[in-house]
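Open the structure in your viewer and keep the selection tool at hand. Each stop below names what to select and then says what is there.

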Amino acid sequence: MPATKLSKTAAHDNASRVFDLDAMSLRELNQALHNLTPGSNETAWEVLHPKGSHSVAVGVDQPVTIDVRGSVGYYCGGMNDGAAITVHGSAGPGVGENMMSGSITIKGDASQYAGATGRGGLLVIEGNASSRCGISMKGIDIVVHGNIGHMSAFMAQSGNLVVLGDAGDALGDSIYEARLFVRGKVDSLGADCIAKEMRPEHLELLQGLLDRAGVTGVEPAEFKRYGSARTLYNFNIDNADAY
Amino acid sequence: MCGIVGLFLKDKALEPKLGAMLSEMLISLSDRGPDSAGIAIYGAPTGNEAKITIQSAKPERDFRGLDTELAKAIGVPVSVAIKSTHAVVRTRPDKIDEAREAIQALRPDIRIMGAGDVVEIYKEVGLPEAVVERFDVRHMTGTHGIGHTRMATESAVTTMGAHPFSTGADQCLVHNGSLSNHNNVRRELIREGMTFETENDTEVAAAYLSSQMAHGKNLGEALEGTLSDLDGFFTFVVGTKNGFGVVRDPIACKPAVMAETDQYVAFGSEYRALTKLPGIDNARVWEPEPATVYFWEH
């Protein structure tokens, strides 16, 4: 059956549109995703046999669901703006890099710099994340069920990083205003990153993040909060309310 | 960038397929490095012969008559199996050093790729597919092997600048990254009596490990030493006669993925390199930790 026919059928009954990367190219998949227009009925996509391919479902800007059945390579879901992407496997470096909105869920582990420079949306890693998770994050929310590696949240600017397990060395080095919540141990804190008081508004924020990430059986009070000591840049106390 | 792979078989039934498996792993990483490619295969030990892998830019001239001339020079039988620009010289293990010297004397333009009881090393400028075809790597059998596809940074794109580098009997190493203190370490190793073929940083890492093992350290201990003595970016995959090891520098920005099943331990710069391995869907797959030594021995 030709692809166009398949897609019309899918549009008609909202069945998921299936892309098998053994039979079709990555470029065809990403082009089809980029061709989506607002209000399209092709709201459910499934990607088979990704086999570690790079750049699977990058730059999607429509609110569709994309289920990737297997492990992916570099930059999966990069620049995502509204799609709900689930990888039923592990992800290579740079998953969700510069995500704008929407969500990405990794059922396995994620390699280095997951969620780097992300501006919005939710990245959930159900396994472990590697080094530099959330590096230079600018508004994204990241929830990691397992551990994160060294130099995570380096120069993080805003957003929230939630870690149910442990964090590696130099957490939050040179951090600006992101909030880091870690339930386990932290090997060491980076420059200008300090433990902070967990106030009621943080508990509430954290509960919301855990709920959105589908985490159950874990209480916000089990976490410690870390953030910027604000000694590395000129901080005007008059602006404190903005944070 | 560069792409590196390694495969250490636990299941003897896979040994006839080692070359084919390793070839596919390396080819899948071709776009990580188009400059040159190389592969080292550890075959089954025969007990009564050792091997020297040699290379020549003019194989028709340099390999012709080499077997008889070499046999005459060292006084024992020698065989020379030619594969394109490379050839494997086989002779009695106790005559290997003598054979090495005689080859250099008889054919000054021949370069030694490596030597040992079991290892064979093939490397050339070009893409992995071309290198694999040229040396018929797919039909090679063995217990373990490592491979590399290169995007050159620290030295010229030449056959001798390609990986793997071998600096000791049955020892070789592939590297993704770049070392910053290799000139200093090279000077120290030269003072110890080691010799170098190139200006390449990776050759220094290989020689460093050979030196450590010559001082009695095992593979794991030698790899541990790289963490304090070598400065720069590295993910190393190393082969010895019966072992296979992996180590990454503490920053660990050079990618690495490993997989282990009852049949094998596999390494790839990316998961793509592992997708065709048998049983990969149920393998334990993990990213090796920074500054942590992993090694396996038969």
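Predicted model: local features only at pLDDT ≥ 70, side-chain atom pairs only at ≥ 80, totals over all residues.

**Stop 1: a domain of chain B**

Select residues 2-298 of chain B, where UniProt, in an unreviewed entry, places the feature "domain: Glutamine amidotransferase type-2". This span is 26% helix and 32% strand. Its end C-alpha atoms lie 28 Å apart.

**Stop 2: helix α7 of chain B**

Now select α7(B), residues 201-214. From its first C-alpha to its last, this helix of 14 residues reaches 20 Å, close to the 20 Å expected at 1.5 Å a residue. Is α7(B) mostly covered or mostly uncovered? It is mostly covered, with 12 of its 14 residues buried. Among the buried ones are B:Asp201, B:Val204, B:Tyr208 and B:Gln212. To see what covers them, show β9 (165-168), β10 (171-179), α6 (182-192), α8 and β11 of chain B, which are included in the cover. Then step just past the end of α7(B) to B:Gly216, which takes a positive phi of about 100 degrees.

**Stop 3: helix α8 of chain B**

Select residues 219-229 of chain B, which form helix α8. Colour B:Leu219, B:Ala222, B:Leu223 and B:Thr226, which are buried. They lie on the same side of α8(B), because they cover an arc of only 100 degrees around the axis. An α-helix has 3.6 residues a turn, so residues three or four places apart point the same way. Which elements do the buried residues of α8(B) pack against? They pack against α7, β11 (232-239), β12 (243-248) and β16 (294-297) of chain B.

**Stop 4: where the chains touch**

Show both chains. Chain A gives 12 residues to the contact and chain B gives nine residues. On the chain A side, one residue is nonpolar, nine are polar and two are charged.

**Stop 5: a domain of chain A**

Select residues 62-189 of chain A, listed by UniProt in an unreviewed entry as "domain: Glutamate synthase alpha subunit C-terminal". The chain here is 0% helix and 30% strand, and the end C-alpha atoms are 38 Å apart.

**Stop 6: strand β11 of chain A**

Finish with residues 224-228 of chain A, strand β11. Four of its five residues are buried, so the strand is largely enclosed by the rest of the structure.

Technical notes
Residues numbered from 1 in each chain as written. Chains lettered and ligands numbered in written order. UniProt positions renumbered as here; feature names shortened; annotations may be inferred. Helix = DSSP H or I, 4+ residues; strand = E, 2+ residues; numbered from the N terminus. Buried ≥ 20, exposed ≤ 12 C-beta atoms within 10 Å, placed from the backbone. Arc of directions from axis to C-beta. Contact = placed C-beta atoms within 7 Å. Expected span 1.5 Å × (residues − 1). Nonpolar A, V, L, I, M, F, W, Y, C, P; charged D, E, K, R; others polar.
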